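Visitor: Please walk me through this structure, one feature at a time.

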Amino acid sequence: SIYEMFGNECCLSTGEVIKVIGFKINKLIASICENNEVSRFSAKVELPLNFPGLYKVVADKTPYVSIEEITKKVSIGPTRFGHPCFYSPEDIKLANLTIKHGEQITFNSVEEVNGTMAVNCGVVRNNQSHSFTLPLSQEGKFYECEDDQIYTLKEIAEWKIPKCRNRIVKLSNTLHTWDSSNPLPENFDGCLILTPVYEVQAVMKFRKDIVHILSDLDVEVKDITDCYDISSFLQPLSLEDVFERTSKEFPMVAEIMEGPSGSQKPYNLLHTGKEIVIYKKYQATRVLASEIRSDSPKRHFLIPPSYKGKFKRRPREFPTAYDLEIARSEKEQLHVVATKAFDSPHKELFSVSVGDQFLVQQCQTSEVLYEGRKKVIDVLACEQILSDTYKKVLLPMYMEGGFVEVIHDKKQYQLSEICKEFRLPFNVKVSVRDLSVEEDVLAAVPGLQFEEEITDSYLLISSTNSPVESWEIPVYRLNMSVHLLSKDVQAVVPPATKTTVEEISEEQYYMVRRYENQTLHPPPRPPKKPA
């Protein structure tokens, strides 16, 4: 028969040899969940993997009966998603360590240890990590631990749905306004039971693209792996696969088997069948920036250090006195205007009126009378600007007010100067657009907040037939497959590199921020207002 699959006409005739290179979840069937069961009133709805929203995974209440069952059903791998956690209701006695019942065990990788397949595991005790191995033959009851991370549906489908099991998730954050095309009820914030529908990814002998076959297609096949020379097939690689190659293997020539979607350069140049040179892999810095606007959705950008436009400062807003303390710097005095009144409960501290102007000085402590007793609290020392003088005042650090920065600095800054001289987050607008590009997407944005500098993984590529310029492409945000060609690279030195401002989606923004912030400690909470 001839099947039309994802726009690919594919002939599956009797005797055709198909090499299965993987399978993945194509879509999810969702039912509203009540008390860990499908609601009697819930209709099943189909959710694509790019369905917006962030979700928390609900721990599976059904135990696994052995380590081998876990390795067969749960994704364990080198990425940040591939480290699932389990606990045993019984103590596990090992040669040099006893794992206590209820203790969280992190599964890191599966490998052969002394001729026996085992899982490399770890437990954390008193902030110290202890490593050990558990053989696949280890039996007992193993339950999933609660997971406080948030995930997109695509991440859950790739990493968090065990084989032969469903998955319950709780909606953590909607990333869009509800409309009538949304299959979920309006204002829904409950749990969903997700049932996966799979897609088989395969290559065929005389095709250079990847064939996608839905798992419910009525075709009978026979496994001939042991008696067939599979080296005659193409080997598709994702960008992650290419990035995992050693640096010595670069540069390399590749042909695109599946190109990315998108009209932005260079994505519109990367179509199926195109030959490219991949020069090297590396980590590069970007500034994560978001559009300043009160309503959503905001636009988000990753700006490369090579951006040639110039910026002028825009006023920052501060919701509390504590935020003023965080933002102040030795380089310049912070000048703010109050936008919200505050009535101080202590006569020693200042009551603020809308329109009051202050120069922020420093954090210090002050004695106040509280319920008849003297108490020491943190305060922010400021100078109130009066018509012809300055008045020293103290603001309580817990004060919930509202302040807007007064900008005296009219200078135009390069991106590198802002990162070097100021603490992020920092508000700006483009004053001189980048003239080295045809269209500067940042120039049309009325205001930007530079949130943080991030480090990301990139590949440097160019076209083989007209290598006049090379491009940086992100490894983890571009869905693209290639196969390597045994051709020599004509020019080992890459041509001039073009880096572009990358506009990212709301979900990509949350992922970038989440991964970047995993290594950072959260800021201390502001002091609480006395009860």
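Guide: What follows is a set of questions and answers on a predicted model.

Visitor: How many aromatic pairs does a search of the whole structure find?

Guide: Rings of Phe, Tyr and Trp are paired if their centres lie within 6.5 Å. With that cut-off, a search of the whole structure gives a count of 13 aromatic pairs.

Visitor: Is the aromatic pair of Phe81 and Tyr151 stacked, edge-to-face or tilted?

Guide: The centres of Phe81 and Tyr151 are 6.0 Å apart, and the planes make an angle of 55°. Planes under 30 degrees apart would count as stacked and over 60 as edge-to-face. The pair of Phe81 and Tyr151 is therefore tilted.

Visitor: How many residues apart in sequence are the parts that this pair ties together?

Guide: Phe81 belongs to the loop between α1 (67-73) and β8 (85-87), and Tyr151 to the loop between β14 (139-144) and α2 (153-160). Phe81 is buried at 12% relative accessible area, and Tyr151 is buried at 5%.

Visitor: Is α2 mostly covered or mostly uncovered, and which of its residues are buried?

Guide: Buried means under 20% relative accessible area. By that cut-off α2 is mostly covered, with six of its eight residues buried. The buried residues of α2 are Leu153, Glu155, Ile156, Ala157, Trp159 and Lys160.

Visitor: Which charged residue sits over the ring of Tyr64?

Guide: Tyr64 forms one aromatic cluster with Phe86 and Phe107. A charged end also sits over the Tyr64 ring, 3.8 Å from its centre, and it belongs to Arg165.

Visitor: At what distance from the ring centre does Arg286 lie over the face of Tyr458?

Guide: A charge sits over a ring if CZ of Arg is within 6 Å of the ring centre and within 35 degrees of the ring normal. Arg286 lies over the face of Tyr458, and its distance from the ring centre is 4.4 Å.

Visitor: Which element gives the most residues to the largest nonpolar core?

Guide: This core has 27 residues, of which Leu324, Val336, Val352, Phe358 and Phe403 touch the most other members. At least two residues each come from α4 (321-327), β24 (335-338), β25 (357-370), β26 (373-385) and β27 (390-396). With five residues, the element that gives the most to the core is β26.

Visitor: What is the volume of the largest cavity?

Guide: The search of the whole structure finds one cavity of 30 Å³ or more. Of the 10 residues lining the largest cavity, Tyr267, Glu472, Pro474, Thr500 and Glu502 are the closest to its centre. The lining divides into four nonpolar, two polar and four charged residues. The space in the largest cavity is about 80 Å³.

Visitor: Which residue does a cis peptide bond join to Leu424?

Guide: The bond has an omega of about 5°.

Visitor: Is Asn114, with its positive phi, buried or exposed?

Guide: Asn114 has a phi of about 50° although it is not a glycine. It lies in the loop between β11 (105-113) and β12 (116-125). Exposed means over 50% relative accessible area. Asn114 has 79% relative accessibility, so it counts as exposed.

Key: Residues are numbered from 1 along each chain as its sequence is written. This is a predicted model: local features need pLDDT of at least 70, side-chain atom pairs count only at pLDDT 80 or more; totals for chains, interfaces and linings use all residues. Side-chain values use heavy atoms; hydrogens and water are left out. Helices (H or I, at least four residues) and strands (E, at least two) are DSSP runs, numbered from the N terminus. Buried means under 20% relative accessible area, exposed over 50%, partly exposed in between (1.4 Å probe, protein chains only). On a 1 Å grid over the protein atoms alone, a cavity is a set of points where a 1.4 Å probe fits but cannot get out, and a pocket is an open set with protein on both sides within 12 Å along at least five of seven lines; lining residues have an atom within 4 Å of a point. Grid points are joined across faces, edges and corners, and a volume is the space filled by probe spheres set on the points. Ala, Val, Leu, Ile, Met, Phe, Trp, Tyr, Cys and Pro count as nonpolar, Asp, Glu, Lys and Arg as charged, and the others, Gly among them, as polar. A nonpolar core is a set of buried Ala, Val, Leu, Ile, Met, Phe, Trp, Tyr and Cys residues joined through side-chain atoms within 4.5 Å.
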